[in-house]
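Here are my notes on this model. Please read them with the structure open.

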Amino acid sequence: VRYDLNHSFSFSPDGRYLVVTGRDRTSASAADDSGILYLHDIAANATIPFAIRLPFFLSSVTYDWTEDSNWLALTLDDNLIALVSPDYQYIQPITHTFGTCTSIAWLDE
C-alpha cells in the first residue's frame, strides 16, 4: 500500500514562528509514519527540528499552538506528546496511555 506525502505548514498566532512538517521521501508505508517538524523562529532565523509521528490522513493535526503563541503541543510518538515553549527554549515531554495519538489540540475550559 502506498500513501501520499503529508506536508503542512502554518504560522503561530502571533506570526513569529513558522511550522513545517513532512517527509524526506516520495512515499511511505503504513508501518512507517515517521516525519519531521521544523519550528522556525522568523525574527531570529533559527530552526529547531523534531522527529514526529505523522498521520496518513490530512484531517489529523500533529501540532497546535496556544492562542498566545507561548506553547506548541505536538505528537512525537504513539504514547508521547511534547509541550514546547520556544521563547524559553523549554520542552516538556508527556507520556499517556490513551492509545495512538494522531491529533492534538488545545482546549479552552
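1. Asp14 is partly exposed, at a relative accessible area of 45%. The class runs between buried (under 20% relative accessible area) and exposed (over 50%), with a 1.4 Å probe and protein chains only. Asp14 sits in the loop joining strand S1 (8–11) to strand S2 (17–22). Strands here are DSSP runs of E of at least two residues, and helices are runs of H or I of at least four, numbered from the N terminus.

2. The model is predicted: local features need pLDDT of at least 70, side-chain atom pairs count only at pLDDT 80 or more, and totals for chains, interfaces and linings use all residues. Residues are numbered from 1 along each chain as its sequence is written, and side-chain values use heavy atoms, with hydrogens and water left out.

3. Asp14 also belongs to a surface patch of negative charge, together with Glu67, Asp68, Asp108 and Glu109. Patch members have over 30% relative accessible area and no salt bridge, and like charges are joined within 9 Å (nonpolar side chains within 5 Å).

4. On the overall fold: the chain has 0 helices and 8 strands. From the N terminus, its elements read β-β-β-β-β-β-β-β. Of the 109 residues, 35% are buried.

5. How many aromatic pairs are there? The count is 2, for rings of Phe, Tyr and Trp (its six-membered ring) with centres within 6.5 Å; planes under 30 degrees apart are stacked, over 60 edge-to-face, the rest tilted. Tyr17 and Trp65 are stacked, at 5.6 Å centre to centre and 20 degrees between the planes. Tyr17 is in strand S2 and Trp65 in strand S5 (residues 63–65), so this pair ties together parts 48 residues apart in sequence. Tyr17 is buried at 3% relative accessible area. Trp65 is buried too, at 8%.

6. Trp71 and Tyr90 make an edge-to-face pair, because their ring centres are 6.1 Å apart and their planes stand at 85 degrees. Trp71 is in the loop between S5 and strand S6 (72–77), and Tyr90 is in strand S8 (residues 90–95), so parts 19 residues apart in sequence are tied together. Trp71 is partly exposed at 30% relative accessibility. Tyr90 is partly exposed at 39%.

7. Please also look at Ser103, in the segment after S8. Ser103 is partly exposed, at 37%.

Methods. Areas by Shrake-Rupley, 256 points an atom, 1.4 Å probe, with all protein chains shown as cover. Salt bridge = Lys/Arg side-chain N within 4 Å of Asp/Glu carboxyl O. Lys, Arg positive; Asp, Glu negative; His and termini not counted. Charge placed at Lys NZ, Arg CZ, Asp CG, Glu CD.
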